Amino acid sequence: MPPPAAAPSRIHRYRFHGSWPLAAPPDVVYARLEAVEGYPRWWPQIREVRRADATSGTARIRSFLPFDLTVDVRSTRHDPAARVLEIAMTGDLEGWARWTVLPQGPAASTARYEQDVEARKPLLRRLALPARPLFAANHAWMMRTGRRGLQALLAGRPAGGAGGI
């Protein structure tokens, strides 16, 4: 008996979330996350960010696995008061991602990351079932190096890149 029609999209869907404790005030963390053009300087897997206008652009991402992902992004929420940044993505990944920066005292924060996407790149779709654990591990590694790069930037240290390229 064939699987229900919705089953293929479930195997191509990924939901990620995490929290980064950071030794910096929440407004400082939010400002760094808001400055998307700077991501490639501190997050090695974000290879390129090109703005199209004030609320949209394109990002090229490559982590440990030997292929790039390209996504067109559009800001769907930009809320400095609540410290929330949210984007919609299309391209190799389709869905959304959100940063929420929460205060942890006057000089510390937690940057909470949430992402819900469907893989659209044909290679990711073909390998969805057998490589799913590898894709999840690849994403986790990317997030760890991003956290380290942001921590270094906030501390005024060089972000480096040895762990990310």
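# Close-up views of a predicted model

**Figure 1. Overall fold.** The protein has 5 helices and 7 strands. Both are DSSP runs, numbered from the N terminus: helices are H or I with at least four residues, strands are E with at least two. This is a predicted model, in which local features need pLDDT of at least 70, side-chain atom pairs count only at pLDDT 80 or more, and totals for chains, interfaces and linings use all residues. Residues are numbered from 1 along each chain as its sequence is written, and side-chain values use heavy atoms, with hydrogens and water left out. Along the sequence the pattern reads α-β-α-α-β-β-β-β-β-β-α-α. The C-alpha atoms fill a box of roughly 60 × 35 × 30 Å along the principal axes. Of the 165 residues, 39% count as buried. Buried means under 20% relative accessible area, exposed means over 50%, and partly exposed lies in between (1.4 Å probe, protein chains only). Contact means heavy atoms within 4.5 Å. Among contacts with a separation of 6 or more, 51% join residues 24 or more positions apart.

**Figure 2. The nonpolar core.** A nonpolar core is a set of buried Ala, Val, Leu, Ile, Met, Phe, Trp, Tyr and Cys residues joined through side-chain atoms within 4.5 Å. The largest one has 36 residues. Trp 20, Val 29, Leu 33, Trp 43 and Trp 99 have the most contacts inside this core. Helix H5 supplies the largest share of the core, 7 residues. Leu 33 touches Tyr 39, Trp 42, Leu 85, Trp 99, Val 101, Ala 111 and Leu 150, leaving aside neighbours within four places in sequence.

**Figure 3. The buried face of helix H2.** Helix H2 spans residues 26-34, and its buried residues are Pro 26, Val 29, Tyr 30 and Leu 33. Seen down the axis of H2, these buried residues fall within an arc of 100°, so they line one face of the helix. The arc is that of the directions from the helix axis to the C-beta atoms.

**Figure 4. Aromatic pairs.** Two rings of Phe, Tyr or Trp (its six-membered ring) pair if their centres lie within 6.5 Å; planes under 30 degrees apart count as stacked, over 60 as edge-to-face and the rest as tilted. The structure holds 10 aromatic pairs. In one of them, Tyr 39 and Trp 42 have ring centres 4.9 Å apart and planes at 50°, so the pair is tilted. Both residues lie in helix H3 (residues 39-42), 3 residues apart, about one turn of the helix. Tyr 39 is buried at 9% relative accessible area. Trp 42 is buried too, at 3%. Ring pairs link Trp 20, Tyr 39, Trp 42, Trp 43, Trp 99 and Tyr 113 into a cluster.

**Figure 5. A charge over a ring.** The charged end of Arg 132 sits over the ring of Tyr 14, 4.3 Å from the ring centre. The criterion asks for NZ of Lys or CZ of Arg within 6 Å of the ring centre and within 35 degrees of the ring normal.

**Figure 6. His 139 in helix H5.** His 139 belongs to helix H5 (residues 128-155). The residue is buried, at 14% relative accessibility. Beyond neighbours within four places in sequence, His 139 contacts Phe 16, Tyr 113 and Gln 115.

**Figure 7. Phe 64 in its loop.** Phe 64 sits in the loop between strand S3 (56-61) and S4. At 63% relative accessibility, Phe 64 is exposed. Its contacts, leaving aside neighbours within four places in sequence, are Asn 138 and Trp 141.

Figure 8. Ser 75 is placed in strand S4 (residues 69-79). Ser 75 is partly exposed, at 29% relative accessibility. Leaving aside neighbours within four places in sequence, Ser 75 meets Thr 55, Glu 86 and Ile 87. Arg 83 lies in the loop between S4 and strand S5 (84-91). Its phi is near 55°, a positive value in a residue other than glycine. Arg 83 is buried, at 18% relative accessibility.
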